[in-house]
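Me: I would like to learn how to read aromatic contacts and cores in a model. Please take me through one.

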Amino acid sequence: MRVPRSRIWTAAAIAAVPVLLVALQVGSIGHDFEGPLGSLWHDYVGTPKSMSVSWAGLILALVGISKRRRMIAVGIAAGIDVVWASIRVLSGESFAIGNGPTLVLTGLALVAGFRWSGVERRNALHAAALGALLVLATKVGDVWLHITVVSRPQVYDVYVALADHALGDPSWVMGRVVDALGPVVYAVLHWVYIELPVAAIVVAVWQLRRVVSSGVWPTHYLVRTFLVLGLIGPVIYVIFPVVGPMFGYGADGHGMQVGNFWPDFVPPIDRNPTPLSFDSFTPRNCVPSMHTAWALSVFLHTRRDTDGSQAPLWLRCLGAFWLAATLTATLGFGYHYGVDLVAGAVLCLTVESALRDPERGWGWFRVRLVLFGVVILGALLLSFRYLAVSMAEYPVLAGTVVLALLAAMAAAFHATWFAGAPVVEAEEVTVDAARVS
């Protein structure tokens, strides 16, 4: 009997996860940072590093079980968190939650695997695997940030800052704007920036809401894009290490910065740039901007539902707000240069083009769009590194080219995936489904 290719890839991915976790844990030894297995152990019996990621993983896993079981799972997880948090506070430790959802997510997978059967078991295990992958991806991501520091002692901020002149130094502009808007706006933007998984879970739960009732999983949804972006994007960090304006050109550079320019003064053009030696603890995670890539993927997945119908207004507004707020925070907090955002957007559109509508296959329409994105991203990175001085000296021309490349990728993406696909009204989809049943 022929085994489906999707099952082969799934089995290979499952087998690779523990190998990767053990390898990263071994690699963390001797470098004074916590490995993924140690961090995961703290989620079970210690103080979780994140109070929201484990809950996000559990909520994602709940889409695969019935409403009654969801209520039971949430109740148990909340109860465990209350008990553990109370013990910590009474012992004089800091308040933290997250043990409950981690334990319940693990228990859910075990119960589904050994006690349930059929579609019920398959849906539960599928959803639990997605929730677990979300949690594990954050653990791997944390370790990878340390790897960027260990492997790349020098950063390319001087080059990127020069290239950013072509876009009008947007981080310097937005930094002053955010300061002028006051503490309330700052707090909202900061929450949006750090709680990107919240928006992703809201969209993912909406896309997967029919899994239990229909027994059918959509062929493509946001979680797939998120995970693939998380695999590909960080690889570029070690190829193109950058720490960001607030570190490379601000007071947060711990004495290693070029100067205290950000956000009040735009640095002068350095016509003889060289890599900048930097500290041993600031992650080199600017190019591409993964927050931009992930926020853009949230926006794209809030335009239409998985069945082709137009998404509800509240979801579309959520996607637009999260993207706008994330871009504002990304620049306004000095975490990224403008060209970082362009690279992140191109990466997102490229990955989404490779994954979207898998039932259409890998025809030339998809191959050319993915290749187009890869070529643009590669050209941008090479330009930021080797044409930075020219981009700073001829900003109008260079900025026009950079924005034109991004616009061309966006236009090709829209023409391929949206312009030719008619929007189906939600009512029509419901009626058609009723007729089929």
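Reply: F333 counts as buried, because its relative accessibility is 5% and buried means under 20% relative accessible area, with exposed over 50% and partly exposed in between (1.4 Å probe, protein chains only). This is a predicted model: local features need pLDDT of at least 70, side-chain atom pairs count only at pLDDT 80 or more, and totals for chains, interfaces and linings use all residues. Residues are numbered from 1 along each chain as its sequence is written, and side-chain values use heavy atoms, with hydrogens and water left out.

Me: How do I read an aromatic pair, and how many does a search of the whole structure find?

Reply: Rings of Phe, Tyr and Trp (its six-membered ring) pair if their centres lie within 6.5 Å; planes under 30 degrees apart are stacked, over 60 edge-to-face, the rest tilted. The search finds 16 aromatic pairs. W172 and Y249 form an edge-to-face one, at 5.9 Å centre to centre and 70 degrees between the planes. W172 lies in helix 8 (residues 170-181) and Y249 in the loop between helix 13 (245-248) and strand 2 (276-277), so the pair ties together parts 77 residues apart in sequence. Helices (H or I, at least four residues) and strands (E, at least two) are DSSP runs, numbered from the N terminus. Both W172 and Y249 are buried.

Me: What kind of pair do Y186 and F333 make?

Reply: A tilted one, because the ring centres are 4.7 Å apart and the planes stand at 50 degrees. Y186 is in helix 9 (residues 183-194), F333 in the loop between helix 15 (313-332) and helix 16, 147 residues apart. Y186 is partly exposed, with a relative accessible area of 38%.

Me: Which residue has its charged end over the ring of Y156?

Reply: A charge sits over a ring if NZ of Lys or CZ of Arg is within 6 Å of the ring centre and within 35 degrees of the ring normal. Over Y156 it is R385, 5.0 Å from the ring centre. R69 lies over the face of W116, at 4.0 Å from the centre.

Me: Which residues touch the most other members of the largest nonpolar core?

Reply: A nonpolar core is a set of buried Ala, Val, Leu, Ile, Met, Phe, Trp, Tyr and Cys residues joined through side-chain atoms within 4.5 Å. The largest has 76 residues, and F240, V242, Y337 and F384 touch the most other members. Helix 16 (residues 338-355) gives the most to this core, with ten residues. Another core lies apart from it, with 14 residues, among them L62 and A128.
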